[in-house]
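Biologist: Please show me the model. I would like to go through the terms used for it and ask what each one rests on.

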Amino acid sequence: PANLMDVAHIASSMVDPRYRGFGLQKRLFAYRTLMALGAKRPILTARVALTNPISWRNMFSCGMVIGQLLVMHSDKLRFLFIRDLRQPPYAFTAPAALVALRDIEAHRQALADGLVGFKAILQDGAWIIAYGRPAARLCD
């Protein structure tokens, strides 16, 4: 973004395993979204480990998309999810690319081609990320 003062990073919305399955991570996300808007920071980002499909699905369900693949701490890969709350969420039709989770170069290529990750698919026991170009904004 042009102005980093518009960005709020959502870090660590972990839920104790005893309380998982009740939508608490989504509630934490909604609360943090309200805090970001109150602080006039409408662009949200969140880093999620490639090994954390529950969190990716929660991020996707909150209207976030994968905009980058980051390397952190010299060797830890993270998806960077992003959403601009000044705009309605994106709508997608068909994926332009389906990328196996472990195919790091294909993720990098899809992102370099200007695609964003918008959906996680479990196929034959393996995770796939659907990448595409937004067809439109919802509510347009």
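Biologist: Which residues of helix H3 (residues 104–112) are buried?

Modeller: The buried residues of H3 are Ile-104, His-107, Ala-110 and Leu-111. Buried means under 20% relative accessible area, exposed over 50%, and partly exposed in between, with a 1.4 Å probe and protein chains only. Helices (H or I, at least four residues) and strands (E, at least two) are DSSP runs, numbered from the N terminus. This is a predicted model, in which local features need pLDDT of at least 70, side-chain atom pairs count only at pLDDT 80 or more, and totals for chains, interfaces and linings use all residues. Residues are numbered from 1 along each chain as its sequence is written, and side-chain values use heavy atoms, with hydrogens and water left out.

Biologist: Which strands do the buried residues of H3 pack against?

Modeller: Their partners are strand E3 (65–72), strand E4 (76–84), strand E6 (97–100) and strand E8 (126–132). Contact means heavy atoms within 4.5 Å.

Biologist: Why does Lys-40 count as exposed?

Modeller: Its relative accessibility is 66%, so Lys-40 counts as exposed. Lys-40 lies in the loop between helix H1 (24–38) and strand E2 (43–49). Its phi is near 60 degrees, a positive value in a residue other than glycine.

Biologist: And why does Asp-124 count as exposed?

Modeller: Asp-124 has 79% relative accessibility and therefore counts as exposed. This residue sits in the loop between strand E7 (116–123) and E8, and its phi, near 55 degrees, is a positive value in a residue other than glycine.

Biologist: How many helices and strands does the protein chain have, and why is it called as compact as a globular protein of its length?

Modeller: The protein chain has three helices and nine strands. Its radius of gyration is 15 Å, close to the 14 Å that the globule rule gives for 140 residues, so the chain is as compact as a globular protein of that length. The radius is taken over C-alpha atoms, and the rule is 2.2 Å times the number of residues to the power 0.38. Of the 140 residues, 39% count as buried.
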